[in-house]
Amino acid sequence: MTQTSPSITQTSPAMTQTSDDRALHVLEFPGGYTRSTGPVIGRFLTGLRAGRLLGVRTPDGKVLVPPTEYDPRTAAALGAADDDWTEVGPAGTVTTWTWVADPRPDHRLDRPFAWALIRPDGADTALLHAVDAGSKAAMTTGMRVHPTWRAERTGSIKDIACFVPGEGPGEVPALENESELEPVSLVTIPSRLEYRLRPGNIWNHFIDGMARGQIRGTRCTTCGKVYVPPRGACPADGLPATEWVDLPDTGVLTTFAVNNVPAAGAPEVPFISGYVLLDGADIAMLALVSDVPWQDVRMGMRVKGVWVPEAERTRSVKNLRWFAPTGEPDVPFERFEEYV
Amino acid sequence: MGNPCAVIGVGQTEYRAKRTDVSLAGLVREAALRALADAGLTFADIDSVVVGKAPDMFEGVATPELYLADALGAAGKPMMRVHTAGSVGGSTALVAASQVQAGRHDRVLAVAFEKQSESNATWALSTHSPFSASLVVGAGGYFAPYIRAYIRRSGAPANIGMMVAVKDRINALRNPYAHLKIPGIDLELVEKSMMLWDPIRYLETCPSSDGAVAMVLGSERAAAASAAATGGRPAWVHGAAMRSEPMGMAGRDSVDPRAGRDCAADVYRQAGVTEPRRQFAAAEVYVPFSWYEPMWLENLGFADKGAGWKLTESGATAFDGDIPWNPSGGVLSSNPIGASGMIRFAEAAQQVRGQAGEHQVAAAADGSRLALGHAYGGGSQFFAMWAVGAAKP
């Protein structure tokens with residue numbers, strides 16, 4: 001291909017780490033996972049909604065609470081017959097516990113409490129729940145506790161607000177229309193993973209460049225290949241990148257997709273995502289293509305970066321908004337085929 | 001290759017958009033019990049359990065193998081989970097087979113599953129770090145540029161993808177387990193369906209399915225015992241291999257990845273295959289987007305480079321062609337992602353066992369030729385394949 005020669009800067013790749021360059025990274029499925037319970041777990045949850053603790057009997061006479069769908073010992077299916085079920089507790093005995101001195105924001109109690117394994121009377125296993133004992137000194141293994149039930153129950157282990165010391169049994173507030181409700185078969189499980197990610201030295205130097213409108217790549221000193229975005233190590237040779245390369249923001253669109261599937265966080269449809277082989281690079285980078293009707297986008301089109309105005313730039317790849325056609329003649333397929 | 005290893009039991013659930021009647025555990029259990037029944041066994045006969053599924057974000061269960069141990073009778077036995085993105089079903093089967101080939105176990109239960117209705121795979125595949133931008137939506141957004149490059153490179157006519165979409169859905173009508181059943185499917189229906197990720201239309205893409213598949217892999221001794229008990233015949237593993245390569249590497253051919261070619265070459269060498277089109281009676285190949293049939297026809301050596309689409313166009317890969325591809329309807333008709341690779345492996349085994357029912361390829365049933373099972377995953381970077389036959393190698 002006819003390409004401008006990339007300028008090479010012989011700086012060391014070890015960059016200064018900014019004091020706090022961590023960024024929040026959240027993985028959270030909108031609305032939560034929709035989990036089908038199956039008949040056994042569904043029956044247990046339906047029991048909780050009614051303010052009852054249900055256990056399932058194994059063939060050898062053990063009562064499991066919470067119930068399992070299959071016997072952990074023999075793998076036999078459990079709970080198929082009504083006779084396999086039994087109500088337990090509600091009072092029970094703490095078999096072991098740990099004190100939570102500083103409750104987290106998502107804990108159900110806003111004051112210090114114990115996580116405890118509680119064996120309900122009549123059960124052979126213990127279930128995990130919170131015990132609101134007031135103080136650590138009030139907690140003992142072997143202590144007697146009973147559940148306090150929430151008024152708004154949905155078929156969840158959280159229908160038990162917590163356990164409290166004493167035999168109880170405690171009150172079960174009536175649930176409106178309970179007899180008309182369908183058995184629980186589907187539950188929504190919110191799940192949120194929160195990370196604080198560091199970009200790392202290589203990516204930091206890359207986004208520093210992007211803040212100045214400069215695209216930076218790395219060159220492998222063994223195979224000579226220029227990577228953009230840069231790599232800490234060459235994917236082919238495994239060697240650390242030691243050479244930075246400043247690249248122009250011009251190149252050729254090697255191939256692309258016209259996206260008509262809308263998604264949160266993605267551009268408005270239809271949008272073009274494609275691979276741009278920057279002049280002087282040895283691998284095409286994924287980028288958006290815009291300022292052109294989607295019908296007119298072509299493989300081999302010459303493109304140039306469109307940047308966020310200088311005053312609005314941040315340390316982000318998003319400074320490079322997209323690539324737009326330059327109007328130069330298309331590059332013949334044979335000249336860039338090996339980069340597809 | 002180690003000791004001989006045979007598929008002695010296969011079990012599949014019906015593949016559906018939503019299986020809200022069962023939990024994840026209930027779903028895998030269903031497939032496992034069917035595989036055990038097929039092999040004339042119970043959980044007590046199993047030495048080891050290997051579980052495979054696609055990324056955890058799909059259902060939000062981080063260690064599914066622990067949660068599923070009760071359902072799969074794994075108490076007191078070795079149990080492990082395999083993960084190689086979309087190819088995981090295939091690599092799970094190969095890890096299970098390796099436990100038999102190594103002489104470590106006689107009977108290994110391999111199970112793969114996905115319950116896509118619990119989440120949204122397109123969302124799970126479209127997350128991005130805070131330092132990058134979201135440029136791709138789902139697997140279709142990722143693969144569409146490579147399909148465009150294949151079309152440009154091979155000069156294939158635009159209707160080839162649609163032909164595959166129709167062919168695999170017609171095949172699915174003969175498969176009782178298949179998810180998508182579209183009676184009257186034809187080129188016009190496919191062409192009129194919405195363009196999702198140009199050049200991929202709605203009907204050229206795979207569905208989102210709930211489902212599980214299980215296989216019992218056995219040693220010579222286990223195969224003989226099962227055959228005596230059930231009267232069924234095993235499928236013997238003649239060749240098995242996995243390969244991987246980096247997703248982004250300068251000079252990498254993402255359309256025709258070297259890892260796929262190397263993986264096939266390894267399997268063919270073990271199985272003595274020099275002419276895949278002639279020596280295989282059927283192939284179950286991971287084709288989640290219709291154009292991947294001609295692309296993999298070339299990658300797997302069934303056609304010369306640039307000529308895969310001609311095989312499709314000629315009808316050679318149709319159910320009545322000389323080398324039927326995806327007689328079960330393939331991934332285009334059923335796609336519980338983590339299971340999809342193992343379904344390919346299991347369907348290949350069913351063909352040489354003569355157990356494929358209405359979608360049995362006659363030439364595969366007589367046992368003289370082999371069948372190919374194939375899976376790929378990630379950015380076309382993980383490959384798993386096996387060749388199976390009725391004769392003991």
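## Terms and model

Two strands pair if DSSP finds at least two bridges between them. The strands themselves (E, at least two residues) and the helices (H or I, at least four residues) are DSSP runs, numbered from the N terminus.

You are looking at a predicted model, in which local features need pLDDT of at least 70 and side-chain atom pairs count only at pLDDT 80 or more, while totals for chains, interfaces and linings use all residues. Residues are numbered from 1 along each chain as its sequence is written, and chains are lettered from A and ligands numbered from 1 in the order in which they are written.

## Where the two chains meet

Let's start with a strand from each chain. Strand E17 (residues 250-259) of chain A pairs with E5(B) in the antiparallel sense, over two bridges. Here Val258(A) stands opposite Asp198(B).

The whole contact takes 55 residues from chain A and 50 residues from chain B; two residues are in contact if their C-beta atoms, placed from the backbone, lie within 7 Å. On the side of chain B, the elements that give two or more residues are helix H1 (24-39), helix H4 (121-124), helix H5 (138-154) and strand E5 (195-198). H5(B) has the largest share, with nine residues.

## The sheet of chain B

In chain B, nine strands form an open sheet with mixed pairing, in the order E3-E2-E4-E7-E1-E8-E11-E10-E9. Its edge strands, each pairing on one side only, are strand E3 (79-82) and strand E9 (280-284). As a general point, strands of a sheet pair through backbone hydrogen bonds, either parallel or antiparallel. Strand E2 (residues 48-52) of chain B pairs with E3(B) in the parallel sense over four bridges, and Gly52(B) has Val82(B) as its bridge partner in E3(B).

H1(B) lies across strand E1 (6-12), strand E4 (107-115) and strand E7 (210-218) of chain B, and runs at about 135° to E1(B). For such angles, axes are lines fitted to C-alpha atoms, for helices over the stretch in contact, and angles run from 0 to 180 degrees between N-to-C directions.

Between them, 35 residues of domain 1 are in contact with 33 residues of domain 2. On the domain 1 side, helix H3 (88-101), E1, E4 and E7 of chain B each supply at least two residues, and H3(B) gives the most, with eight residues.
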